[in-house]
Amino acid sequence: MGEAKRRRQMAGLASAMDLELGEKVLRQAYQNTCQAFDLYPNDMVDALIASYRGRNASLDLVAKNNPEDSVACRAGCSACCHQMVLCSPFEIFILAQLLLSTRSNVDLEGIEHRLSEISRLPLNPHARYGRHATCPLLVNDRCSVYDRRPAVCRALYSNSKASCEQALTSGGGDVGFLVHPQMLSSAMQVGIDSALRQKRGLNVEPVEMCGSLLIALQDFNSSLTDWLNGGDPFADFQVRRTGSPTNAQQVEHVAARLGL
Ligand code: SF4
């Protein structure tokens with residue numbers, strides 16, 4: 001067998017295994033979230049905290065098992081914290097709850113001021129990167145909400161510090177990221193979102209973090225109540241290409257295909 005043919009076969013096998021693993025992870029996240037609904041039948045917030053806690057623990061385990069020599073990320077390196085962050089709506093509430101319960105009024109005012117400045121920038125990842133829009137939750141080059149940081153931050157692993165720094169300096173460019181953590185994170189989110197849509201009819205559109213977090217900090221109870229009633233408190237900060245399907249449509253399509 002020629003070398004090129006052997007490589008193509010290996011690549012095909014690897015992607016078939018990825019698909020199988022992705023589906024398994026998605027189904028597990030769906031089942032875990034449904035179980036959390038059963039465990040906390042009268043408290044959706046506790047159910048979701050349990051579901052997201054399980055997801056975070058799994059993502060952290062994936063991170064721990066990344067081969068060390070393949071990951072360039074180290075504590076104190078924050079080049080990736082200048083990008084636009086997309087979150088699930090519930091991640092916004094988890095972050096807001098943490099900040100409201102642990103930060104002083106003065107600190108909260110400062111955070112809200114920085115969130116407000118960034119949320120005025122265009123909802124465009126490239127435009128933001130070019131302007132070096134540092135995440136307002138980055139303090140002294142460290143994530144100040146590390147344990148509750150969103151999945152996109154948990155699953156992003158660079159294989160080259162130099163390319164991260166180069167991309168930050170020039171406002172864009174190619175950075176090699178590890179594919180598996182992101183693939184598993186997406187599969188888990190689709191599983192959770194499927195349960196939220198199918199079982200509770202909740203809004204699952206991803207939203208830009210800064211603008212949405214500002215809304216949640218300024219009016220936590222009413223934005224949470226709105227979302228729990230199927231509303232869309234962060235509608236102004238959804239990022240979707242015109243004409244492309246919504247996340248809800250994609251999730252419902254996957255759920256129907258997998259018989260969830
Ligand atoms: S939430 Fe934390 S990890 Fe994510 S971009 Fe902000 S500072 Fe960085």
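Modeller: Start with burial. Buried means under 20% relative accessible area, exposed means over 50%, and partly exposed lies in between, using a 1.4 Å probe and protein chains only. Phe-93 is buried, with a relative accessible area of 3%.

Colleague: What kind of model is this, and how are residues numbered?

Modeller: This is a predicted model, so local features need pLDDT of at least 70 and side-chain atom pairs count only at pLDDT 80 or more, while totals for chains, interfaces and linings use all residues. Residues are numbered from 1 along each chain as its sequence is written, and side-chain values use heavy atoms, with hydrogens and water left out.

Colleague: How many aromatic pairs are there?

Modeller: Rule before count. Rings of Phe, Tyr and Trp (its six-membered ring) pair if their centres lie within 6.5 Å; planes under 30 degrees apart are stacked, over 60 edge-to-face, and the rest tilted. That rule gives five aromatic pairs. One of them joins Phe-93 and Phe-220, edge-to-face, with 6.0 Å centre to centre and 90° between the planes.

Colleague: Which parts of the chain does the pair of Phe-93 and Phe-220 link?

Modeller: Helices are DSSP runs of H or I with at least four residues, strands are runs of E with at least two, and both are numbered from the N terminus. Phe-93 is in helix α3 (residues 89-102) and Phe-220 in helix α10 (residues 220-228). These distant parts of the chain are 127 residues apart. Phe-220 counts as buried at 18% relative accessibility.

Colleague: What geometry does the pair of Phe-93 and Phe-234 have?

Modeller: That pair is tilted, with 5.3 Å centre to centre and 40° between the planes. Phe-234 lies in the loop between α10 and α11 (247-258), and Phe-93 in helix α3, so the pair ties together parts 141 residues apart in sequence. Both Phe-93 and Phe-234 are buried.

Colleague: Which residues do ring pairs link into a cluster?

Modeller: The cluster holds Tyr-52, Phe-90, Phe-93, Phe-220, Trp-227 and Phe-234.

Colleague: Where does a charged end sit over a ring?

Modeller: The test is NZ of Lys or CZ of Arg within 6 Å of the ring centre and within 35 degrees of the ring normal. The charged end of Arg-149 sits over the ring of Tyr-146, 3.8 Å from its centre. Arg-200 has its charged end over the ring of Phe-37, 4.4 Å from the centre.

Colleague: Now the loop between α8 and β4. Is Glu-205 buried or exposed?

Modeller: Glu-205 counts as buried, at 9% relative accessibility. Its loop runs between α8 (179-200) and β4 (207-208). Asn-203 is in the loop between α8 and β4 too, and counts as buried at 13%.

Colleague: Which backbone nitrogens lie by these side chains?

Modeller: The backbone nitrogen of Asn-247 lies 2.8 Å from a polar atom of the Glu-205 side chain. The backbone nitrogen of Glu-205 lies 3.0 Å from a polar atom of the Asn-203 side chain.

Colleague: What does Glu-205 touch?

Modeller: Contact means heavy atoms within 4.5 Å. Not counting residues up to four places away in sequence, Glu-205 touches Cys-87, Pro-89, Gln-238, Thr-246, Asn-247 and Ala-248. On the same terms, Asn-203 touches Pro-89, Arg-197, Trp-227, Gly-231, Asp-232 and Gln-238.

Colleague: Which residues surround the ligand?

Modeller: A residue is near a molecule if one of its heavy atoms lies within 4 Å of it. The ligand is surrounded by Cys-81, Val-85, Cys-135, Leu-137, Leu-138, Cys-143, Pro-150 and Cys-153.

Key:
A polar contact is a pair of N or O atoms within 3.5 Å; within protein, one must be able to donate a hydrogen and the other to accept it, and residues adjacent in sequence count only if both atoms are side-chain atoms.
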